[in-house]
Amino acid sequence: MKLNKFLYFLIGICFLTFLISLYLFSVSEKISFAKSESNCLRCHSIKRLPKVLPSGEEMSLYINKEDFMESIHGSFSCTDCHKDIKPAIHPRPEKIGSKKEYIKKVSQSCLDCHPQDGLSPIHKNILKEGKISCSECHGSHYIKPMVELKKIAEGCLECHSVKGFSTKILPNKEIMYLYVEKRFFNSIHGRIGCLFCHNYIDPANHPIPTQISTKQEYAKGIFKNCLNCHPLNTLSSIHKGFLKEDRMVCFGCHGSHYIKSRAEWKKETEKCLRCHSIKRLPKVLPSGEEMSLYINKEDFYKTVHGDVGCWVCHQGINFSNHPRPMRIESKRAYTEKISSGCFRCHPKDAISKHKGHAKVIELKNIICVDCHGYHKNQAVREWRERLRYQEYCMYCHKLDMIKTLPSQEKINLKVDLSQLQKSVHKQFECIVCHKGFSKREHPSYNFKNKKEYTINLSKSICQSCHTEEELKKNPTHYAVSKTAICIECHGYHNVKSLKMAKGVPENKYCMNCHSMSLVKKMENGEVLSVKVDEKQILTSAHKDLKCSQCHIGFSLQMHPIRSFKSISEYREKAQEMCNQCHKKESTEYNASIHAMAVLKGNKDAPDCVKCHGYHNVTKITPNPILKYEVCIRCHEKEKESYKESIHYKVFEEGVKIAPVCSNCHNAHKVLPINIAELNNNCIICHDKNIKKIHNKWLYNPPFKLESFVDVHFGSVSCEVCHTKGEKAIRLVLMLEKAPLTIEEISKLFNKQPIEIKSMLDYNEDGIIQKDELWKFMGSLKEKAKIRLKGKLVMENSNEAHKIISKKEAIKDCAICHSPKALVKGRLEINRLGEKSEKFELERATLNSFKSIPNIKDFYVLSLSKINILDTLFILAVIAGVAAAGGHIFLRIITLPIRRKRREDKK
Amino acid sequence: MKKIYLHPIPVRIWHWINAICFLILIITGLQIRWVDKIGLMSFKTAVKIHSWTGFILLANYFIWFIYYFATLKFFKIYLPPFWKPIEFTKKAFRQAKYYGFGIMIGDKNPHHPTPENKFNPLQQVAYLTIMVILIPLQILTGLVLWDPVKFSFLEKILGGIQIVSLIHVALWIFFSAFIIVHFYLATLGHTPLAHFIAMITGYEEEPEEHEETH
């Protein structure tokens with residue numbers, strides 16, 4: 001029995017122990033926690049428990065015990081979160097790199113109780129970003145439920161919703177309204193309260209004024225907090241670009257306190273469209289333009305902007321001021337204004353990846369809506385994929401887009417689609433020719449100038465299909481293709497086939513290419529346009545000629561490739577063409593000073609085409625004005641003196657036979673003045689009886705012989721008597737019948753022309769004295785049979801144009817026939833292809849004895865007399881008188897002898 | 001005193017016309033050359049007179065020419081006896097000696113003019129040269145200068161207008177001097193006016209005891 005009692009007792013004790021154990025076990029958690037908590041907080045409730053981290057940061061380890069216990073985590077053990085801490089070995093200092101790092105580490109424990117799957121998308125994004133940890137928003141030890149946050153917010157709004165209170169004047173005098181309406185709670189941020197965004201405000205010591213320097217700066221500070229919950233990587237590319245530009249802050253679009261959800265945006269858009277979907281909603285602008293305010297609701301919703309609504313673009317409009325009419329000057333101005341807003345969301349660098357697009361933006365000729373539309377815009381990607389290349393490219397290239405090349409030449413990139421569609425390439429998409437381009441790629445051609453642009457594109461584009469082998473099938477075409485660029489004949493986008501029907505007239509055949517801007521490059525790099533204006537031919541003197549009649553060697557079958565050193569060489573050949581028919585004129589021209597000048601390489605010197613034109617060949621002779629103008633193009637100075645003449649007076653009066661340049665100087669055989677014998681041309685126009693008329697007073701009695709007039713006509717230029725200027729005796733150095741040129745003299749002496757000048761004028765006083773001339777002539781005569789040809793001319797050749805009326809002409813012989821006549825001396829030495837070299841000549845040269853053998857054929861009575869003969873005359877008279885006188889004297893003194901002899905005889 | 005009919009009428013006419021023309025030509029020639037120094041007349045007038053006179057002289061030359069060649073007197077009077085050169089030279093020297101010396105000491109003039117032998121050797125040479133070479137040359141060069149185009153062939157023959165002018169002026173100088181000497185020598189008759197009167201009347205008076213010539 002006792003044993004049973006003991007057993008029962010033992011079992012009872014065991015049971016009790018079990019129960020106690022059970023109890024103890026059941027409370028052990030509490031005990032252990034209490035023990036742990038009391039252990040942790042025993043130390044961590046001490047305020048002065050700092051820890052200096054290796055980074056130098058000071059980390060407070062203090063925890064407000066009461067606050068912690070009140071938090072929703074107050075019932076948890078510290079090590080639930082601080083899993084890294086092992087009470088057995090704590091408080092051995094933990095190795096903590098930085099506060100942030102530690103917080104992040106501890107925040108990992110949050111996910112044990114709040115698994116990621118159960119979190120909102122915003123939370124998921126935040127975690128994905130990994131930049132901020134849970135505790136940064138929810139707090140670390142004093143974690144509060146959402147309700148608490150709202151309560152705090154309500155606390156904030158107790159003050160901030162009072163209208164009068166809520167103004168703050170910033171240091172820069174800006175007024176900052178602190179007023180927040182209570183409708184904040186209705187916004188999507190209403191639930192999280194104020195401190196999520198205004199995280200720097202400590203409710204414990206608020207409303208101590210916060211230091212705010214400017215509104216903008218403050219806004220930027222707050223805006224950074226948006227990114228805490230809406231990290232960058234979760235934002236759309238538009239938002240990213242938008243933030244990258246750093247021009248706007250989030251609430252620029254989304255508002256500050258009353259942040260709207262997409263659903264709300266849509267509601268507002270609905271509200272706008274309630275009116276704007278009415279078709280008859282016109283607005284008449286001050287410019288008189290009618291602007292429709294109608295928007296197709298359905299179309300708009302389909303667009304990429306359908307989701308965001310009206311306000312994104314039309315930012316100036318809100319319901320508080322709308323529908324008060326907005327002042328819009330013109331549709332274009334408004335469009336430009338709204339379009340400039342596109343860059344807010346579509347920053348330039350984001351939309352400039354496509355070079356063509358970047359160029360379009362840069363040019364500013366066209367604005368966004370021109371291409372992307374107003375309210376019906378589509379997602380570019382969608383739009384791009386859907387379009388054909390021709391449509392896609394033409395979206396921009398239908399517009400006038402000017403590309404300025406480095407040479408400053410401008411190229412219009414506009415393509416006329418209608419031309420393209422008429423062309424033989426109408427079936428081709430743009431990229432068939434413009435290789436390297438696609439809907440995604442838009443390389444930029446970097447040619448220096450238009451020429452390089454066209455040549456390179458012709459080669460790279462056309463010849464990729466139209467190969468050399470293909471071109472060689474038609475030798476003419478192949479020859480042309482070597483000198484001309486494809487597009488010059490075939491056009492750019494209006495590419496046309498130039499296949500000629502058999503029997504086509506020759507001129508038409510040639511004009512097929514030559515009506516275009518073809519050029520020919522000379523070996524020296526000069527470029528000659530070989531474009532022919534058919535109209536010019538048709539109005540020319542050659543309108544009835546075939547091309548090949550001038551262009552010998554060319555035909556429907558033949559197009560030889562010719563190479564010329566320079567344009568002047570080409571023009572020489574051109575003269576050969578003229579020579580085929582105009583032999584007389586050509587021969588005359590070849591003898592002219594103009595031809596010599598051309599030969600000498602004077603680029604300005606006239607040849608056939610310079611006066612008569614290339615294809616607009618004109619008959620100059622029947623048209624006095626043309627006759628006049630063709631010369632004065634170059635002879636400006638002569639024109640001025642001609643204008644003072646009586647000839648010009650009648651020309652101006654429109655008299656058809658009025659003499660112009662070529663009447664005196666010849667049209668083709670324009671010779672140097674000193675060999676031209678221009679007097680003969682005066683006679684041609686003037687009265688055929690001109691000699692008789694002159695002979696009335698100009699004769700040598702006893703007979704009135706016209707030959708005496710010829711004497712003067714041959715040695716005096718008409719203008720000497722028929723103009724008022726100063727006269728001169730002109731001596732020209734001649735080799736037999738032709739003038740000896742300075743170039744020839746240079747050869748004879750083996751010296752440079754400049755040396756010849758100093759050889760002649762050896763005292764270098766600018767005047768040729770008689771000794772200088774005779775010495776020069778002496779040396780020259782040793783080398784060649786030369787002489788000086790004399791003529792009475794005008795001192796200044798240009799004065800010769802100023803012909804005066806007949807009444808005013810000189811008739812006084814003594815004007816010239818006097819030793820004291822005001823006639824100067826001039827020596828002229830001709831130059832090849834240039835006006836002659838003129839030297840002032842001492843007049844006394846003509847009176848020197850040596851002028852007799854040197855100027856054999858020229859003598860002006862009295863004026864060019866040999867002075868030494870006058871002395872001889874005096875001596876002879878004296879000698880005669882002296883002989884007689886002397887004889888008389890001798891006879892007188894011998895008179896006594898004679899007398900004596902007579903007397904002796906007697 | 002015997003009278004010799006030395007100068008037939010054509011000769012006298014020719015002589016005086018010639019003399020007047022010579023004077024006019026010399027003076028107008030001087031005026032043409034010295035238009036700036038002498039103001040006897042205008043250049044144009046001088047030229048006109050010179051040209052007219054020149055042609056008169058030319059016409060006058062033909063009187064002489066026709067007379068002397070038609071009568072063949074030229075060969076007797078003007079042509080020196082070149083077939084007797086030594087004798088002629090001696091005579092010429094004798095004549096020169098007379099003018100240079102004999103005349104001073106009262107020697108008789110070695111030459112006695114007759115209608116067939118009018119000139120002494122010096123006169124013969126001088127007048128032959130003048131009449132056959134110098135006057136024709138002066139006339140021809142004058143013609144070239146009068147109208148160089150018309151007489152361009154002559155100009156070419158003579159070697160250009162400058163040479164033509166040179167010849168013409170040189171002869172002008174010569175004739176200027178000659179006419180002075182000629183005038184002086186004309187005073188060397190038996191009286192100073194004897195030769196002048198002879199050239200007017202045609203009769204040269206020769207004193208029987210004196211023999212002089214001009």
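**Close-up views of a predicted two-chain model**

The secondary structure of chain B comes to 8 helices and 2 strands, where helices (H or I, at least four residues) and strands (E, at least two) are DSSP runs numbered from the N terminus. This is a predicted model, in which local features need pLDDT of at least 70, side-chain atom pairs count only at pLDDT 80 or more, and totals for chains, interfaces and linings use all residues. Residues are numbered from 1 along each chain as its sequence is written, chains are lettered from A and ligands numbered from 1 in the order in which they are written, and side-chain values use heavy atoms, with hydrogens and water left out.

**View 1. Chain B as a whole.** Read from the N terminus on, the elements of chain B follow the order β-α-α-α-α-α-α-α-α-β, and its C-alpha atoms fill a box of roughly 55 × 40 × 30 Å along the principal axes. Of its 214 residues, 49% count as buried, where buried means under 20% relative accessible area, exposed means over 50%, and partly exposed lies in between (1.4 Å probe, protein chains only). Among the contacts in chain B with a separation of 6 or more, 68% join residues 24 or more positions apart, a contact being heavy atoms within 4.5 Å. The mean pLDDT of chain B is 91, and 96% of its residues reach 70 or more, pLDDT being the predictor's confidence in each residue, from 0 to 100. Over residues 210-214 of chain B, however, pLDDT stays under 50, although the model has 27 contacts beyond four places in sequence for them.

**View 2. Helix α8 of chain B and its neighbours.** In this helix, which covers residues 194-201, the buried residues are A194(B), H195(B), F196(B), A198(B) and M199(B). These buried residues of α8(B) pack against α1 (9-33), α7 (161-186) and β2 (203-206) of chain B. The helix is followed by G202(B), whose phi is positive, near 100°.

**View 3. M104(B) and its partners in both chains.** M104(B) belongs to helix α4 (residues 85-105) of chain B, and with 4% relative accessibility it counts as buried. Which residues does M104(B) contact, leaving aside its neighbours within four places in sequence? The partners are H887(A), L890(A), R891(A), T894(A) and R898(A), together with Y99(B). The C-alpha atoms of M104(B) and F43(B), which are 61 residues apart along the chain, are separated by 45 Å.

**View 4. One buried side of helix α43 of chain A.** Helix α43 (residues 742-749) has I742(A), I745(A), S746(A) and F749(A) as its buried residues. They cover an arc of only 105° around the axis, which puts them on the same side of α43(A); the arc is that of the directions from the helix axis to the C-beta atoms. An α-helix has 3.6 residues a turn, so residues three or four places apart point the same way. The buried residues of α43(A) pack against β11 (727-735), α44 (753-760), α45 (770-783) and β15 (823-831) of chain A. Just after α43(A), N750(A) takes a positive phi of about 55°.

**View 5. L273(A) in helix α12 of chain A.** L273(A) lies in a helix spanning residues 262-276 and is buried, with a relative accessible area of 0%. Beyond its neighbours within four places in sequence, L273(A) is in contact with I295(A), K297(A), F300(A) and Y301(A). The C-alpha atoms of L273(A) and Y294(A), 21 residues apart along the chain, are separated by 8.6 Å.

View 6. Q408(A), a residue other than glycine, has a positive phi near 75°; it is placed in the loop between β7 (402-404) and β8 (410-412) and, at 57% relative accessibility, counts as exposed. E677(A), which is not a glycine either, has a positive phi of about 50°. E677(A) lies in the loop between α38 (673-676) and α39 (679-685), where its 31% relative accessibility makes it partly exposed. In the loop between α40 (690-695) and α41 (706-715) is P702(A), and the peptide bond from P701(A) to P702(A) is cis, with omega near 10°.
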